[in-house]
Amino acid sequence: MKTNSYAVQNANTPLAPFNIQRRAPGAHDVEIKIEFCGVCHTDVHIARNEWHGTTYPCVPGHEIVGRVVRVGAQVKKFKEGDLAGVGCLVDSCRTCANCKDDLEQFCEASPTFTYNAPDKHSGGMTYGGYSERVVVDEAFVLHIMKNLNLAAAAPLLCAGITTYSPLRHYKVGKGQKVGVVGLGGLGHMGVKLAKAFGAHVVVFTTSPNKVKDALRLGADEVVNSKIEAEMKKHLNSFHFILDTVAAQHDINAYLLLLKRDGTLTQVGVPAEPLAVNVGSLIFGRRNFSGSLIGGIKETQEMLDFCGQHNITSDIELIPIQKINEAYERLVKSDVKYRFVIDMATLPAAV
Ligand code: NAP
Ligand code: ZN
Ligand code: ZN
């Protein structure tokens with residue numbers, strides 16, 4: 001099926017309209033007309049080949065929401081007209097130990113990411129959500145509760161699960177002091193979720209103009225991370241810190257803020273390695289860890305939790321024609337707090 005999309009043709013050109021082919025739905029597939037797609041900083045990293053693994057042309061987008069327009073003969077979970085979401089994963093081996101533990105993001109045979117991954121169906125690469133429609137195996141399609149604003153729910157598919165999963169894994173909750181570093185797409189979801197789990201939440205930001213918003217989003221305290229004296233007030237005090245920063249920064253300054261046995265989980269993926277001073281870990285038996293999105297089962301759990309607690313993203317809805325401007329603003333930390341593309345602005349393929 002000829003499908004209009006926005007693609008990058010190499011690391012230096014802007015996103016522009018591009019026709020791709022989508023397969024007709026097979027027996028287990030769901031065809032979704034995409035209504036909204038969130039803009040993750042990963043889209044920028046990959047479009048610009050900052051992680052050195054991009055195959056062009058590349059159609060980014062892994063915060064996909066829309067409506068089911070067609071289902072294959074064997075599909076059980078979805079019917080035409082249902083709301084549906086697709087996050088960062090569209091397939092995995094389903095047989096390895098991690099897949100069996102519902103952690104498909106760590107599939108030992110390599111998960112099939114929603115874009116820029118080898119596609120067993122087409123023989124080419126997967127194409128993401130900056131697109132009219134997508135066809136995905138129902139096992140990787142999520143349900144979205146009707147009460148949520150659909151555009152504002154789109155970022156849950158990546159920013160939501162990427163923050164939910166480590167907060168749950170490290171059992172963040174009442175009586176704990178939790179830090180969120182960087183108030184962007186991931187960070188602002190981290191604040192909302194950590195708050196919903198009952199933690200005392202402290203935001204670290206480099207943008208003084210985000211302080212008011214951080215408090216409105218639920219933070220109990222906000223620290224300007226550029227002011228050393230403000231940072232020092234929090235030495236040895238955190239149970240858990242979630243670092244969402246997409247660029248080079250001093251990780252040791254945050255490790256020192258952990259209590260004994262506290263954990264800092266890195267979810268932001270700067271293009272260059274971060275320099276960890278092992279002394280910050282050794283003194284205080286502190287932990288430094290990473291986390292990758294979440295499995296499909298946990299993503300559904302997160303979406304249901306957000307549906308029940310009416311948690312969505314704070315978004316700036318943009319027409320697809322403004323996508324290159326949005327990328328520029330993301331790089332400058334000028335995001336409040338997730339760009340979401342209104343796919344109705346993408347003309348149909350001709
Ligand atoms: P984003 O919306 O651009 O937010 C990142 C925030 O980090 C910025 O808004 C800014 O917040 C802060 N920041 C940026 N540059 C900084 C610098 N030089 N020093 C200190 N702080 C800085 O990005 P996002 O979409 O949330 O994604 C964040 C990162 O997570 C990206 O690297 C992305 O690829 C990665 N990611 C990882 C996963 C995973 O599974 N691990 C999933 C999705 C995304 P302030 O203005 O508040 O300082
Ligand atoms: Zn993402
Ligand atoms: Zn697997």
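These legends walk through several close-up views of a predicted model.

Residues are numbered from 1 along each chain as its sequence is written, while chains are lettered from A and ligands numbered from 1 in the order in which they are written. Because this is a predicted model, local features need pLDDT of at least 70 and side-chain atom pairs count only at pLDDT 80 or more, whereas totals for chains, interfaces and linings use all residues; side-chain values use heavy atoms, with hydrogens and water left out.

**View 1. Four cysteines hold the zinc ion (ligand 3).**
Donors are N, O and S atoms within 2.8 Å of the metal (3.2 Å for Na, K and Ca), and water is not among the atoms, so sites may look incomplete. The angles among the four donor atoms run from 103 to 121°, and the site is tetrahedral (four donors with all angles between 85 and 135 degrees). For tetrahedral donors the ideal angle is 109.5 degrees. Read along the sequence, the donor residues follow the spacing C-x2-C-x2-C-x7-C. Cys96 and Cys99 are both buried, a word that stands for under 20% relative accessible area (1.4 Å probe, protein chains only).

**View 2. The zinc ion (ligand 2) has two cysteines and a histidine as protein donors.**
Look for Cys40 (SG), His62 (NE2) and Cys158 (SG), lying 2.0 to 2.2 Å from the zinc ion (ligand 2). Their spacing in sequence is C-x21-H-x95-C. Cys40 sits in the loop between strand 3 (29-39) and helix 1 (41-47), and Cys158 in the loop between helix 3 (150-153) and helix 4, so the pair ties together parts that are 118 residues apart in sequence. Helices (H or I, at least four residues) and strands (E, at least two) are DSSP runs, numbered from the N terminus. Both cysteines are buried: Cys40 has a relative accessible area of 3%, and Cys158 has 5%.

**View 3. Domain 1 meets domain 2.**
The chain splits into domain 1 (2-158 + 312-349) and domain 2 (160-290), with bounds from an automatic or database domain assignment. Their C-alpha centres lie 27 Å apart. Domain 1 brings 16 residues to the contact and domain 2 brings 19, where contact means heavy atoms within 4.5 Å. About 1,400 Å² is buried between them, 50% of it from carbon and sulfur atoms; this is the accessible area (1.4 Å probe) that two parts lose on being put together, summed over both. On the domain 1 side, Cys158, Asp314 and Tyr337 lose the most area to domain 2, together 39% of what that side buries.

**View 4. Helix 4 and helix 5 are both mostly covered.**
In helix 4, nine of the 11 residues are buried, among them Tyr164 and Pro166. Its cover includes helix 5, strand 12 (238-243) and strand 13 (258-266). Just after helix 4, Lys171 takes a positive phi of about 55°. Helix 5 (residues 185-196) has 10 of its 12 residues buried, including His188 and Lys192. Among the elements covering helix 5 are helix 4 (159-169), helix 6 (211-217) and helix 10 (296-309). Just past helix 5, Gly198 has a positive phi of about 100°.

**View 5. Gln300 sits in helix 10.**
Gln300 is buried, with a relative accessible area of 17%. Leaving aside neighbours within four places in sequence, Gln300 is in contact with Leu142 and His143.

Note on methods
Tetrahedral: all angles 85-135°; square planar, octahedral: opposite > 155°, others 65-115°. Buried < 20%, exposed > 50% of the residue type's maximum accessible area, 1.4 Å probe, protein only.
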